[in-house]
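Let's go through this structure one question at a time. Please keep the sequence and the 3D view open while you read.

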Amino acid sequence: MKDVTIIGGGPAGLYASFYAGLRGMSVRLIDVQDKLGGKMQLYPEKIIWDIGGIGPKPCYQIIEDMIGQGLHFQPEVNLETRVTNIEKLGDCHFEITTDKDEVFETKSVIIAVGGGIINPKPLDIKDAERYQISNLHYVVQKLSRFSGKKVVISGAGNAALDWACDIAPYAESVRLVYRKDKMKGYEGTQAKLCDNGIKLHPNSQITALIGDDQHEKIKEIVLENSETGEAETIPVDEVIISHGFDIENPLLEEAATQLEMENDYQIKGQGNTQTSIDGIFACGDVIHHGAKAHLIASAFSDAGNAANLAKQYIEPEAAEEGYVSSHNEIFKEDNKEIIEKYNQQ
Ligand SMILES: Cc1cc2nc3c(=O)[nH]c(=O)nc-3n(C[C@H](O)[C@H](O)[C@H](O)COP(=O)(O)OP(=O)(O)OC[C@H]3O[C@@H](n4cnc5c(N)ncnc54)[C@H](O)[C@@H]3O)c2cc1C
């Protein structure tokens with residue numbers, strides 16, 4: 001039985017994990033994805049400016065720091081695990097069920113599921129899945145990967161247009177393929193496509209992937225134009241699919257213990273990160289309360305608050321807030337190493 005089970009390993013869940021550890025609680029952290037970081041994993045090379053006290057940094061670096069912090073007190077981590085049910089059995093006693101038919105017992109729960117489970121819409125043609133481990137991508141992890149390459153991007157939303165403009169300076173060529181005659185992305189970005197030499201293929205879609213001799217990589221794609229009915233075969237090095245996302249959040253609708261909701265996507269905060277059920281707290285994008293901004297910074301603030309409330313729920317005599325980290329004995333040994341490192345610089 002853990003003191004707290006945190007569902008969701010994005011910024012909110014990771015900081016809740018750290019703060020609950022700082023408060024001396026035993027923590028279990030669960031996420032359906034194969035890595036921690038939440039939504040930020042969707043835009044790893046974007047630069048983030050608006051987290052207080054942290055200078056502009058690429059997202060992947062902030063994710064790395066958040067994970068280091070979130071795992072500092074060695075929580076039990078369960079990845080690729082979808083929570084399907086939360087049931088309150090009594091005071092300080094909840095059961096969390098997962099899609100692996102595991103049942104975890106916990107004294108309190110922090111829900112940090114953001115906007116739910118987000119997966120890119122897959123390309124529904126033969127062999128698409130096979131090439132996902134080589135040169136078919138749904139998220140751009142590193143722009144440098146596309147240096148000197150022939151790149152085809154399928155999609156016409158903001159992400160597709162942004163990636164096209166970001167990759168163009170490095171790539172040998174970039175083509176943008178989209179089904180309609182108009183794009184959906186911002187007009188300002190559309191204007192930049194031609195300046196960047198990006199070749200546009202309106203009214204078109206990818207209808208076949210042709211592999212190399214070993215069927216390890218896509219070497220050509222077939223594009224069909226719905227206006228002219230013509231098909232052309234194009235050599236490619238990398239294919240990026242940006243057809244939007246499938247988003248689902250069945251947990252909040254179907255859990256045995258039902259929470260009062262603010263709207264279809266957000267739990268109603270009872271003044272702060274307390275939900276309508278004692279012992280269940282929520283933080284980050286999934287909760288709505290009076291002092292809310294949809295920012296990473298706000299997720300951190302919620303998470304500390306949720307961990308403090310969970311601590312008090314399982315130990316009513318505990319202090320309302322954790323002791324500041326700068327004077328907290330819990331970091332004494334780690335601080336010695338950190339000070340030594342700084343002195344050597
Ligand atoms: C394109 C884009 C750009 C952004 N840029 C900025 C920016 O510059 N600055 C800024 O401050 N904010 C930005 N944001 C917002 C920021 O990403 C979010 O506010 C932040 O990620 C919220 O964190 P979270 O932990 O609440 O949710 P998330 O990051 O969504 O994490 C939720 C986690 O819960 C997991 N999960 C969901 N359901 C389950 C389940 N049933 N079982 C197990 N796990 C589950 C998910 O897999 C996910 O890992 C941006 C958002 C987007 C989409």
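## Asp 285 and its surroundings

Q: Which residues is Asp 285 in contact with, leaving aside its neighbours within four places in sequence?
A: Asp 285 contacts Lys 39, Gly 114, Gly 115, Gln 266, Lys 292 and His 294. Each counts as a contact because heavy atoms come within 4.5 Å.

Q: What kind of model do these values come from?
A: This is a predicted model, in which local features need pLDDT of at least 70, side-chain atom pairs count only at pLDDT 80 or more, and totals for chains, interfaces and linings use all residues. Residues are numbered from 1 along each chain as its sequence is written, and side-chain values use heavy atoms, with hydrogens and water left out.

Q: What makes the pairing of the Asp 285 and Lys 39 side chains a polar contact?
A: The term needs a pair of N or O atoms within 3.5 Å; within protein, one must be able to donate a hydrogen and the other to accept it, and residues adjacent in sequence count only if both atoms are side-chain atoms. The Asp 285 and Lys 39 side chains come to 2.9 Å, so the pair qualifies.

Q: Where is Asp 285 placed?
A: Asp 285 is in the loop between strand S20 (280–282) and strand S21 (287–288). Strands are DSSP runs of E with at least two residues, helices are runs of H or I with at least four, and both are numbered from the N terminus.

## The annotated positions

Q: Which residues carry the feature "binding site" in UniProt?
A: The unreviewed entry gives Asp 31, Lys 39, Tyr 43, Val 83, Ile 118, Asp 285 and Ser 326. They span 296 residues in sequence and their farthest two C-alpha atoms are 36.8 Å apart, so they do not all gather at one spot. The UniProt positions follow the numbering used here, feature names are shortened, and annotations may be inferred rather than shown by experiment.

## Buried residues

Q: Why is Asp 3 counted as buried?
A: At 13% relative accessibility, Asp 3 falls under the 20% limit and is therefore buried. Asp 3 is in strand S1 (residues 2–7), and its contacts beyond four places in sequence include Gly 24, Met 25 and Ile 314.

Q: How do you know that Ser 298 is buried?
A: Its relative accessible area is 11%, which is under 20%, so Ser 298 is buried too. Ser 298 lies in helix H6 (residues 296–314) and touches Lys 292 and Ala 293, not counting residues up to four places away.

## Strands and their partners

Q: How many bridges join S1 to strand S8?
A: Five bridges join S1 to S8 (residues 103–111), and the two run parallel. Two strands pair if DSSP finds at least two bridges between them, so five is enough. Val 4 stands opposite Ser 108 in this pairing.

Q: In what sense do strand S7 and S8 pair, parallel or antiparallel?
A: S7 (residues 93–98) pairs with S8 in the antiparallel sense over four bridges. They form a hairpin with four residues between them, and Asp 101 in the turn has a positive phi of about 60°. S8 is also joined to S20 by three bridges, running parallel, with Val 109 facing its partner Ile 280.

Q: What is the order of the open sheet of three strands?
A: The order is S14-S15-S16, with antiparallel pairing. Strand S14 (204–211) and strand S16 (231–235) are at the edges with a single partner strand each, so one side of each has no neighbour in the sheet. S15 (residues 218–225) pairs with S16 over five bridges, and Ile 221 stands opposite Ile 234.

Key. Buried < 20%, exposed > 50% of the residue type's maximum accessible area, 1.4 Å probe, protein only.
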